[in-house]
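Please look at the charged side chains first.

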Amino acid sequence: MGSGESAKQRVIVALDVPDKESAIALVDRLEDVTFFKVGLELFTSTGPKILEILKSKQKRIFLDLKFDDIPNTVAGACRSAARYGVDLLTIHATCGREALKAATEAAHQGAGQVGVKPPKLIAITLLTSISSRQLAFDLKIPLELPEYALEMALMAQESGLDGVVCSPQEVAQLRQTCGDNFLLVCPGVRPTWADIGDQKRSLTPFQAISAGADYLVIGRPITTAADPELAWKRICEELSAIA
């Protein structure tokens, strides 16, 4: 899905802002951006209103709410979220196989009820802010980080999900193992000229796409830049060299 698209269609700009007014100002300023991410902070602040605004501007939407609950609750949340007509929707792989399967079925049900296309359901393998040390010492998981991310991705794929969110450093292995038709969405991408912030497992946009990512989720390097439009154009120009 991602590989046949232009550079600017493969960059999802994260609207990690606290309110509707800030989000609309960014969307209007970044008029060439076609794909935006709405996460927990903005959705909690605005509710579905921000999704309606984005759709009215013909934008694609990554609704990144990272559902993580028992199967019945996850299914209900996915059924409701699918009715918004968003393009991508996230769920934590740690919900387990039963919840992942229920989510897939429910998302198709919800979309069908209102006659919209079902969202691509994407599993979170491991948050990109988590380091290998934190995985071992804080979360008490005995697997090496790349192996853990791969196991989560394979469970998601076997459960019928469309892809996963992973750090750029896991992309090459996941692409090789999961095949070309499994979506790999990468946050934690940082251009060489941007502050790395709280990301522990980062690559540049060029490196991430070259490794096999379908979509890049980029927020602060664009949205907090002195000139967001210029930052966006620099990233697109860097990626266009791959084509």
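How exposed is aspartate 28, by relative accessible area? Aspartate 28 is partly exposed, with a relative accessible area of 42%. The model is predicted. Its salt bridges number nine.

**Lysine 57 and aspartate 28**
- A salt bridge joins the side chains of lysine 57 and aspartate 28, at 3.0 Å from N to O.
- Lysine 57 sits in the loop between helix H3 (49-56) and E3, and aspartate 28 in helix H1 (residues 20-29), so the pair ties together parts 29 residues apart in sequence.
- Lysine 57 is partly exposed, with a relative accessible area of 31%.

**Arginine 60 and glutamate 5**
- Arginine 60 and glutamate 5 form a salt bridge, with the closest N and O atoms 3.0 Å apart.
- Distant parts of the chain are linked here: arginine 60 belongs to strand E3 (residues 60-67), while glutamate 5 lies in the segment before strand E1 (11-14), 55 residues apart.
- Arginine 60 and glutamate 5 are both buried.

**Aspartate 214 and arginine 175**
- Aspartate 214 pairs with arginine 175 in a salt bridge, and their closest N and O atoms are 2.6 Å apart.
- This pair also links distant parts of the chain: aspartate 214 is in the loop between helix H9 (205-211) and strand E8 (215-218), and arginine 175 is in helix H8 (residues 168-178), 39 residues apart.
- Aspartate 214 is buried, as is arginine 175.

**A network**
- Salt bridges link Asp16, Lys37, Asp64 and Lys66 in a network.

Note on methods
Residues numbered from 1 in each chain as written. Predicted model: local features only at pLDDT ≥ 70, side-chain atom pairs only at ≥ 80, totals over all residues. Heavy atoms only, no water. Salt bridge = Lys/Arg side-chain N within 4 Å of Asp/Glu carboxyl O. Helix = DSSP H or I, 4+ residues; strand = E, 2+ residues; numbered from the N terminus. Buried < 20%, exposed > 50% of the residue type's maximum accessible area, 1.4 Å probe, protein only.
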